[in-house]
Amino acid sequence: MFFTPARRAAAVIAAAATAVTLSTAITPAQASPQRHRLPDSKPHWLSKAKAGGDVANGAQIQFGVLLKMRNQTAADDLARRVSDPASADYGKYLTSAQFRAQFAPTQQQVSAVRSWLHAQGFDVTGTLRSGMYVTAKGTTAQVEKTFDTTMRTYHFRGHDLRANSSALSLPSGTSATVVDRIQGVVGLDQGSGLKKPADTLPGPPSGARYGVQPCSSSFGQKLATDKPEVGGKAQPYAVCGYTPKQLQSAYGIDKMIRKGYDGKGITVAVTDTFAAPTIVQDMRKYNAKYGLPQFKRHQFTQQTPGPDDYSNVDLCGGNGWYGEETLDIQAVHAMAPGAKIVYVGGSDCITGLDEAWAETIDNHTADVITNSWTDGVDDLADLGQSYVDFYTQFSTEAALTGITVNFSSGDSGDHTSGNTDPSAKTAEFPADVPYVTGVGGTSLAIGRHGQWQGEWGWQNAYAPLNGDTWGDTAYSSGGGGGASQLYAQPYYQEGVVPDSMSVLNGQRMRTVPDISMPADPNTGMVVGETQEFPDGTYWDTYRIGGTSLASPLLAGVDAVAGQKAGHPLGFANPLYYSMLGSNALHDLRAPSSPVYQVRTDYVNGLDASDGYKFQLQTIDDQSSTLHDVRGYDDETGVGSPNGTAFFNAVGGHGGGHGGGGHGGGGHHRR
């Protein structure tokens with residue numbers, strides 16, 4: 001059964017040796033004598049929005065109730081032991097049943113919350129297996145009465161969104177079990193996190209073409225001799241788009257495949273919103289064109305609520321998510337052609353995607369989960385406590401049960417837009433959650449023989465061609481990085497991440513990214529998708545990048561590494577950080593002298609009928625505050641996997657797999 005709706009939060013979450021501790025769910029001492037307040041439950045973004053009207057009393061509202069874990073301190077301690085390669089318990093993960101028995105709410109507690117919701121007049125629509133999350137729905141009037149608030153619409157970021165206008169509280173007389181167990185309410189606030197690509201359902205997305213000729217088949221292969229020189233020499237045209245075989249070769253996957261390591265026995269889940277109706281035939285064409293094995297029976301499956309249960313289609317960008325799904329699945333299959341892939345599509349981008357992600361963990365659907373989306377900056381003023389707690393709890397479960405969770409670090413660099421104002425610098429959520437891997441981005445040079453030639457942090461700047469000269473250079477985009485405003489520094493970053501990168505307001509904080517993979521759209525991967533063009537609807541290819549590419553590429557690497565190790569990698573950050581300084585990783589540095597490419601685009605994005613435009617790309621632009629330096633850095637983390645040396649190092653870490661078992665991942669840039 002597909003489980004549907006969830007959402008957001010804020011407050012610094014302390015993390016000493018064990019990375020994360022949850023805040024208290026309800027603080028009656030701060031509440032009125034009659035009711036029990038839920039802290040940080042009034043959306044902070046309302047102060048930046050324009051108020052609209054009240055939500056109709058009879059309108060149906062879906063929401064979720066997050067229940068606290070038990071024994072959080074013990075959970076953190078065990079998560080560290082099973083994830084630390086130096087621990088005797090490394091790889092001895094809990095099964096899902098063991099997690100529920102030790103750390104999830106008891107059945108009595110879950111039943112008490114469900115009964116309370118029924119008593120308030122709500123329909124209880126679902127409960128995750130762990131009992132940590134219960135969904136319900138009811139009318140606006142019921143919501144307002146139960147939580148003592150008014151539901152209103154607000155205009156924010158170009159959308160009309162629903163939100164509670166005041167802090168939430170529970171009625172007087174609510175049992176102590178319910179009061180003590182409820183961590184928060186999610187889903188009433190639609191503005192806490194819009195994860196959105198472009199276009200709308202139904203039908204294929206609008207077509208566009210990127211990576212057009214003139215372009216290079218490998219890095220630096222074709223020189224732009226007809227364009228202005230830079231530094232006294234012609235610069236190369238950007239790569240047309242790397243193929244799966246080129247990426248396999250650059251990261252040593254081809255050698256691993258020849259040894260029988262292709263990700264077989266490992267399952268990777270891809271989470272996104274909605275579902276591309278042409279994904280099966282698109283993959284078949286892609287695999288045939290680029291020499292990948294076709295999916296075997298049951299190797300690719302999908303879990304979606306179905307088109308009749310999708311919601312907020314226009315608000316979420318509808319079929320713009322089709323390209324995200326296509327990119328993610330093709331990237332995973334490119335790097336791990338033997339792994340199983342499960343696509344999990346959320347019912348929307350407001351709550352459904354979060355809940356689809358949580359259910360994938362709760363059901364142990366996969367060994368690796370890649371999530372190529374973010375909620376943007378982890379600004380305390382925009383997040384709500386319940387939402388942060390939601391991600392903290394379910395990522396803790398993932399770490400305990402041996403699931404690797406990758407999140408794209410974002411495509412906006414340090415959020416300073418090319419200036420060096422340190423006050424504007426911030427990381428993105430959920431990539432900064434301590435129990436997930438924040439995947440940063442690189443610009444990758446692959447030579448004519450498929451060899452890794454070089455790799456730098458992805459921070460792009462472009463200068464347009466104006467006549468016979470290059471114009472002024474302006475920062476464009478880059479892999480996300482920086483210090484979290486939400487989480488203190490976890491144990492695996494202690495003594496590794498420099499204070500210059502991690503300290504905020506006098507405290508060492510969680511810093512991202514953790515590790516990086518290719519994301520520069522000018523050294524991106526070629527993908528194939530059915531799109532609607534002016535001359536018809538058909539399958540075509542284009543080049544694409546962004547940390548939306550980096551996360552699924554790493555998921556494929558994780559799958560091959562897990563097969564080589566003999567057990568899933570589980571929470572992989574301690575493993576990655578233990579490799580720092582070894583030949584298992586490329587310790588990436590900024591180029592010693594500027595590296596350029598000439599990017600070609602159609603003026604109209606489709607064909608040459610309106611001519612071409614050209615831009616000079618500066619690779620690893622130094623105008624942001626993110627820089628790749630020796631050791632850990634907040635542009636590329638610990639670096640990138642170094643081919644077979646990486647896989648051999650992973651295989652050298654033993655550990656007894658506890659047998660969690662499974663039942664059966666920014667916005668991309670082109």
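**Terms and their grounds**

Biologist: Why is histidine 36 called buried?

Modeller: Histidine 36 has a relative accessibility of 19%, and buried means under 20% relative accessible area, with exposed over 50% and partly exposed in between (1.4 Å probe, protein chains only). Histidine 36 therefore counts as buried. Its place is in strand S1 (residues 36-37); strands (E, at least two residues) and helices (H or I, at least four) are DSSP runs, numbered from the N terminus. The C-alpha atoms of histidine 36 and threonine 174 are separated by 8.4 Å, although the two residues lie 138 apart along the chain.

Biologist: On what basis do the values rest?

Modeller: This is a predicted model, in which local features need pLDDT of at least 70 and side-chain atom pairs count only at pLDDT 80 or more, while totals for chains, interfaces and linings use all residues. Residues are numbered from 1 along each chain as its sequence is written, and side-chain values use heavy atoms, with hydrogens and water left out.

Biologist: How many helices and strands are there in the protein?

Modeller: The protein has 16 helices and 29 strands. Of its 670 residues, 63% are buried.

Biologist: What makes H14 and H16 oblique to each other?

Modeller: Helix H14 (residues 547-565) and helix H16 (residues 643-651) pack at an angle of about 45°, with their axes 8 Å apart. Angles under 35 degrees count as roughly parallel, over 145 as roughly antiparallel, 65 to 115 as roughly perpendicular and the rest as oblique. H14 and H16 are therefore oblique. The residues of their contact (heavy atoms within 4.5 Å) divide into seven nonpolar, two polar and one charged. Among those in H14 are Val557 and Lys564, and H16 contributes residues including Phe646 and Gly651.

Biologist: Which residues of H16 are buried, and what covers them?

Modeller: The buried residues are Gly643, Ala645, Phe646, Phe647 and Val650. Their cover includes helix H7 (253-258), H14, helix H15 (573-578), strand S26 (585-586) and strand S29 (640-641).

Biologist: Why are H11 and H12 called roughly parallel?

Modeller: The axes of helix H11 (residues 352-362) and helix H12 (residues 385-400) cross at roughly 25° and come within 9 Å. That angle falls under the limit for roughly parallel, and H11 and H12 are therefore described in that way. By class, their contact has eight nonpolar, one polar and four charged residues. Trp357 and Ile361 are among the H11 residues there, and Phe390 and Phe394 are among those of H12.

Definitions and conventions:
Axes are lines fitted to C-alpha atoms, for helices over the stretch in contact, and angles run from 0 to 180 degrees between N-to-C directions. Ala, Val, Leu, Ile, Met, Phe, Trp, Tyr, Cys and Pro count as nonpolar, Asp, Glu, Lys and Arg as charged, and the others, Gly among them, as polar.
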